[in-house]
Every structure is written in structure tokens, then in C-alpha cells.
Amino acid sequence: MEQILVNGAYLGAQYALIALGLTLIFALMNVMNFAHGQMYVLGGFVTYTIYGQLGMPYALALFVTAITLAVVGAVVEKFLFRPVIKRSQRDESTMLLAAGLGFFLDAVILLVFGEKQRGVPKLINGVFNWDFRVIMPYDRILIFALAVACIIGFMLFMQYSKTGRALRALAQDRDAAQLMGVDVDRYGMTGFALGAMLAGIVGGLLVTITGVNLGMGGPTSTKAFMMVMIGGAGVIPGAIFGGLILGFMESILLSTLASYGDITYLVIFVSLMIFLAIRPNGLMGKPWG
Amino acid sequence: MKKPLLQVNHLTKKFGGLTANHDISFQVFEQEILSVIGPNGAGKSTLFKLISSFLRTTSGEIIFDGNKISNLAPHIVARMGIVRTFQETTIFKNMTVRESVVVAHHIRAKANLFGYFLGTSTARAEEKEFARSADEILDFLQLSSLANEVASNLPQGHLRALGIAIGLASNPKILLLDEPFAGMNHDETMQMVELVRKVRDRGVTILLVEHDMAAVMRISDRIIVLNFGEKIAEGTPAEIQENEQVIEAYLGKEEDLVGLYTC
Amino acid sequence: MGLIIMQNKKILFTALFLIFVLVIIPSLIVMTSRWDLYYTLSSVALLAIASAGVWLTFYIGRINIGQGAFALVGGYVTAILITKAGFSFWLALPFSGLFAAFISVLIGLPILRLRGVYFAMITLVLTEVGRLSALALPITNGAKGISNIPLPGELSFAGITIIPDFASFENPRMAFYYLASVLMILCFATLYRLSNSRLGHLCRSMQQNEELTSSIGVNIAAIRIIIFALSSFMGGIGGSIFAVMSQSIYPSSFQVADSINFMLNCFLGGLGYVFGPMLGTVVLYFGWDLLFQTGKYQMLIYSSLLIISMLVLPNGLLSIRLSGRKKS
């Protein structure tokens, strides 16, 4: 039981971090970023290149990953999403643009990094073992700690920094924020960059555990959408809850349903659909986003 | 006095712990213009949505023409003859004025959806009749010259007239008008007052929710005043102007007073 | 006068289109002996049918990323009915569409209340649920799927053969081409009729404002269900023929990427135009095929073109023609 809970927390922390980026972008731009999973994969590959291939320190690799993805996010917002949002009133357009961007990033990753599964050397060796009740490799514990630190850092940033406050104002009421003198374009770009950066950081963290491959993008996006929906689209604490809930559900159901074959995700997805049908705004969402 | 067309009996609506409407009762008589006024947050729009069945009641009932209508689906209430208009942001943005009014005749349609699809003779005859009726309504509301304009291009005053045109198309017995004078200058308000009177003279009973005191005093046969979700007064415009409780309710909320007399 | 000319023009266009699809294309294939094109074109027609369904849900203002699930349902129902229950394909085909529609009503009742991103996401999850159910359920045979589905047999009525046994053709692919293209034509005729009927006007009203639509006495819940069921019916039909044509169906036959592609087809062609999904499917399918020669750059060029088209033509390909006409 302890093992299941620990696994759940480990998964949940990473999931929460992915969901945070997605929900931030949604809250600011009303864009469901279909390319979020691809951004995560891209982050994994950047870390792989710098840490795994070039042999530079991991901290530097993670830093470069964060910067790279932030730049990608900013560019994508400025040159793709902003013009499309300005010209089109339909939600569909940005959603499809995001889908197109997902394909594009997949193509870029395929060309630059290839389609093979890539891994990097372990950060730390050894396994934490508490009486065989909880077994956890040290590197996972480190990654868990880093993910939690990122979440706390992000929350503090949103709460106390000037940029964070402006982003929150923008997310709450775009028009009011504009009237109050918030530079909507600039902060929209900042928010998008931040969201992409979070996705990249998770990629950079997880490449040390699970490795990275091209095919991970789509499923990651789907999972991230689910977490965001559980918590309520566009609600930042909601994303953390959504991530934790999905992490624990996965860990609990994987161990309890193992004997029934591969139905864990079916059960999770179906229960999510039922939950959303009853409570469309998720746990903490505002009506209709 | 005439028999009431609409009766509201002890209507209460709670949102969680918040009581938006508490024990409200009144009657609406045929062919009168009845206004509901009150400061911001007095529960006017809640009452409005309850009557048009866009919200479910917590307790109490609404009787229309002898039938209980509270908590029926909005389209059924509309079919019975209680039709609401919306504030001007709620329109069919990408349709022309004429298209909007034609489609709003749906209530009168006798052919079923399959009939429309196949284009049966009933459906085609109805289409013709609706188009004719739509032109008549547009003419009546002086919108004919804008008939082929896309709705989102209309100026505010015309948008509101379009809202009324859409309402009239469904041949209502009672038309509920949601703040028909909001944001209008004096001249526009007076034109709108005339328009609403004309609609009443077609035989439509009018129930309106409004902020603009001057217009309400001018147009209404009777007025109901809400404050903090309760009915505090009911009477003719003259009676309401004399009512101490009403004056107090309005004076107590200074910012509303400013809003009332400056616009 | 103008009206009559327009009608004649329409009839002319329809006739030309029918001749093109049913006579010219097959003759060209015979002349060039490119028999493989039958298969490609049949696929395009089937994808266009499924995309037409997605277009319908767009028409009532819902972003539907669940069509893959309904195509999968259609495919599996056909496969199971034919291989396990011994049904004729001609019976299994309508049954598959109806079953998909039935499922969509069950699911639609709760979820059609949702709008915007919420509906989009829940239908995306639905596609995943479809795939995972196909993997998990005993009757669908897991990841191995169902293969060796026989070709459609003879369809006869009162002893008269209406459609001969597909296996008796020298080239069954041609038979599939006719089947798929005739159904596609029927499907788009339905769409055209619908969008020009009163039902279409009501759908457009709902797309723009559901509250106002219900205030003019329209039972929006009923229309939503009808349209969603029709949409899923088309998905089911598309999936059903697809299963029989490829003689197999797997959980991976229709997945999230396919659901997104259906959506892209509609969007590229133009959401405001009935024939948008057909054009979008043709362009995307052949665009992808043509780019095959670019080798490893195929995906890159394809996705770039897609993004550029969204930037330049936010209202779809068909908007070029119409905006051109308006200016003149």
C-alpha cells in the first residue's frame, strides 16, 4: 500500500507539472495546446543531447532545455497563435492550429533526433529500500523532489512576482486586465513561453528515468488534457489536483486491476467521461471556462 | 379588473446559500406594461430567468393562462407564449436581420423536422408564410431597410429592435424585455418607449426589467420594485414615486442613483 | 429568371460531378491500368463520409474529436456480424451505422450539454475509450483484431440480383469504388439538403446562440441529439465499409490522429461550406500522398502547409472561390 501511494505521488508530481503548463496557456489564450505533448518530447530530446550526448552537467542541460522551450513557446505564440486568434472568432481555429503545430513539431523531432528511443545515464545509482515496503530508486526520488520544487517555484512566481500577478489578472478577465494597463500581447507571449517551458522541463526531468521517444507526444497531450479537465480548465490549483488525482488513480488501478488485463486506462477514461458529464467544469472550474 | 395572464406565487430562488429571490408574488394582466425595477443585485434578472424557465425555481410556482409553467424546458414555455428577449450581445451574429426573424418563426411551424428536410408542401407553404410575416414585422419595427444586413454589423439601437423582432416572430402573448433602454441616450430611449408601446398595441403583454427610472415611469402601467431579492412595492408609477421604502432603497445605494440619472 | 438560371447551373454542376465520379474516373483508371487508384479513391470517399459527420457536429457548434470511435464501432460491428453471426454485409452495413448512432445517443444525452473545449476534450477521450475498449473486450479479439472478413456477397431482392457478389468481379476494388462513391454522393446530398432546409437554419442558429434559439421555441436538446446521431451514423457507415474493404479491423484502425484528421478535413475545406469536408479530404489525402516523394521531409512539409493554410485561409479552401465572386 505504501508503495502504491509513493508511486502515485511520484507520478502525480510530474503530471501536475505538465498540466500546469497546459492550463496556463488555456487560461491566458483560450487555446487547448494540442502540441503540449510534443513540447514535452522536445524538452526530453534537448536534455538528451546536452546531457547524454555532449556530456555536459545535468543542471546546465535542464537550464538550456527550459530556455529552448520558452523560446519555442514565445515564437509560436507571436507568429502563429496571435494572428489566428486576432482574425478568427471560432475556437476551432486555434485548436486546429495547435494540432497542426503538433504534427510540425513531430516532424522536426523526427528529422533532428530520429525515431529511436533515447535514454541518458542515470543521475544517481542506488535504490531506497524501506523494509521492502517502499522501494524507490534514488534518481526517481531526486526527480520527484525537482518536480515538486518546480511546482512550488511556479506557484510562488505566479503569486508574488509582478509578471505572475499580471498573468493572473489576464487569465481572470482579459478585458479588465487590458483596461488596467496590462500589456495583453506581451504577457500572452510570456504565458505561452512559460507553459511551453514547463512542458520542456518535465521532458528534461523524465528523460533521465524513462528515456524519450517520438511517439510519446500524443498520449502525453491526451493525459494532460484529462488532468486539466479534472481540475477545471484554466484553473491553476485545479491542474495540480488533476495531476495528483490522475497519478494516484494510475498507481492504484495499475496494481489493483492488473489481474483483469490491460484495462486500467479504459477504467480511468470512462470514469473521467462520467465525471465530466456530471460535473463539466471539473473540480474547480468556472462555468464554460 | 381583467383576469391575470401570468401569476407568480411565492417564488423563491436560492443559489447555494444565497437567496436571489425570496417569496415574490405578483400578477400580470393582459395587455399591460409591467416593469420590474430595483438596484443592482436586487434579483431582477433572476426573476426574469425564472419566468422564462431558463432557471429552475427553488419553491413557489408560476402560472400562465391557468397552467403551471415553472420548471418546464425553456422552449416549451416559449411555445406557450412567454418569449424573452436578450440584451443585445445575444443575437445570431452571422445571420442577416431577415434570416434571424424568419428562423424565429419556428414556434409557429406545424411541419416536423423531417418535413423541413424533405421539403414537403406544408413545410414550403410555411416557409412562404414565415417570410411574409417576417417582412411585416421588420416593416412594423422600421427595420426593413436593414433586412439584408448581417446582424453583427448593426448599431446598438437597431440590435435591440432586432431582438424585439425575433421575439415578435414567435407570436408571444407575453414578451419579456431585458433592459430595453440600457445605455441609450434620451432620444433613443424615447424612440424605444414608442416602439414598446406599439408592440403592446398589437396585443402583446409586456413585462420588462429595467434600470432607467425615467423611461420606466413614462412607459409602465404598473411597476414592481425589488430590493435584496424581495418585492418591496407594487403600484402605478405615481404611487411608486411616492413610496418611502422605494426611495430609501434607491438612496441607500448611491452608486446606482448616479447610474440612474446620468445615463 | 435568375433563380431558374441558378437552378439550371446547380443541376449542371451536379450532373458533371456525377459523370466525373462515376464515369470519367473509372474510365481513366481503365485506360491507365492504375487499378490501385480504386482503393485509394474508395478510401478517400469513406474518409469524406466520416468527415461529413464531423462537419455536421461543427454545424451545431460542437468540436467533435470522437468520430474515430464511431468509425471503429461501425467497423467492429460489421466485422463481428459478418464473421461471428453470419450476417450478409448488406444487412451489417446499415446495422453498423444505426448501432454507432445508438451509442452516440446514449453518450450524447449527457455530453452534448457541454460546449467548446469541454465537448472537444470529452470526445477526444471518447476516441481513446473506443480504442481501449476494442483492446479489452473479449468479442473484439484484442490487439489481434478481426481479419479475414469476407467480401460482400450478393444483394438480391425477390430473386433479382441488385448487386452481385463482390468476389465474382474481376476486380472487387472497382465494386468498392462504386459503393463508396455512391454512398458519399448520397451523404453529401443529405448534407446539402439539410443545410438548405429549415433544420439547417435552426442548426446555424444554434451554432451562433443556443440560448436565443431555445427562447424562440426550438427544442435544442432534440436537435443536438439528432445531429450527433446522424454524424455518428456517417462515422459508422464509413468504418463499416472500411473494415470490409481492407477485410480486417484493428483497435488501431481509427485512433486519435484519425479523429483529428477528420476535423482537419472539414476545416481545410471550410466549415461554412457543405462540400468543404469532401474537398478537404481529397486535398489532404492526395497532398500527403504526393509529398511521399519528399521522403523524410514529408511530414515537415505537410504540417507546414497545413499551418500556412490556416494562417492564410482561416475559412477554408472554398472561401477563395466565394470571396472572389463577391468582389466581382
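Before I turn to a pair of helices, let me say that axes here are lines fitted to C-alpha atoms, for helices over the stretch in contact, and that angles run from 0 to 180 degrees between N-to-C directions. Helices (H or I, at least four residues) and strands (E, at least two) are DSSP runs, numbered from the N terminus. What we are looking at is a predicted model, in which local features need pLDDT of at least 70 and side-chain atom pairs count only at pLDDT 80 or more, while totals for chains, interfaces and linings use all residues. Residues are numbered from 1 along each chain as its sequence is written, and chains are lettered from A and ligands numbered from 1 in the order in which they are written.

Let me begin with chain A. Two packed helices are described by the angle between their axes and the distance between the axes. In chain A, helix H1 (residues 2–29) packs with helix H8 (residues 184–206) at an angle of about 165 degrees, and their axes are 9 Å apart. H1(A) and H8(A) are therefore roughly antiparallel to each other, given that angles under 35 degrees count as roughly parallel, over 145 as roughly antiparallel, 65 to 115 as roughly perpendicular and the rest as oblique. The crossing of H1(A) and H8(A) is left-handed, a word used if the near helix is turned anticlockwise from the far one by less than a right angle, with right-handed used if clockwise.

Which residues make the contact? Two residues are in contact if their C-beta atoms, placed from the backbone, lie within 7 Å. Among them are Leu17(A), Gly21(A) and Leu28(A) of H1(A), and Gly188(A), Gly195(A) and Val202(A) of H8(A). By class, this contact of H1(A) with H8(A) has 17 nonpolar, five polar and no charged residues, where Ala, Val, Leu, Ile, Met, Phe, Trp, Tyr, Cys and Pro count as nonpolar, Asp, Glu, Lys and Arg as charged, and the others, Gly among them, as polar.

Chain A also has a hairpin, formed by strands E1(A) and E2(A) with three residues between them, and Asp131(A) in the turn has a positive phi of about 60 degrees. Strand E1 (residues 127–130) and strand E2 (residues 134–137) of chain A run antiparallel and are joined by four bridges; two strands pair if DSSP finds at least two bridges between them. Trp130(A) has Val134(A) in E2(A) as its bridge partner.

Now to chain B, and its sheets. One open sheet has four strands in the order E2-E1-E4-E5 (chain B), with antiparallel pairing. Strand E2 (18–29) and E5 of chain B stand at the edges with a single partner strand each, so one side of each is left without a neighbour in the sheet. Helix H1 (residues 44–51) of chain B packs on this sheet, where it touches E1, E2 and E4 of chain B, and its direction makes about 60 degrees with that of E2(B). Within the sheet, strand E1 (residues 4–15) and strand E4 (residues 59–64) of chain B pair in the antiparallel sense over five bridges, and Asn9(B) stands opposite Glu61(B) in E4(B). E4(B) and E5(B) form a hairpin with two residues between them, and Asp65(B) in that turn has a positive phi of about 55 degrees.

The other sheet I want to show is open too, with six strands in the order E6-E7-E8-E3-E9-E10 (chain B) and mixed pairing. Its edge strands are E6 (82–84) and E10 (230–235) of chain B, each of which pairs on one side only, and the twist averages 20 degrees from one strand to the next. E6(B) pairs with strand E7 (residues 174–178) of chain B in the parallel sense over three bridges, and Arg84(B) has Leu176(B) in E7(B) as its bridge partner.

Chain C, finally, has 13 helices and four strands. Its radius of gyration, taken over C-alpha atoms, is 20 Å, close to the 20 Å that the globule rule (2.2 Å times the number of residues to the power 0.38) gives for 328 residues, so chain C is as compact as a globular protein of that length.

How do the chains meet? Of the two pairs of chains in contact, chains A and C share the most contacts, with 37 residues from chain C and 42 residues from chain A. On the side of chain C that touches chain A, H5(C) gives the most, with 15 residues, and by class that side has 30 nonpolar, four polar and three charged residues. Elsewhere, 26 residues of chain B are in contact with 20 residues of chain C, whereas chains A and B do not touch, their nearest C-alpha atoms being 11 Å apart.
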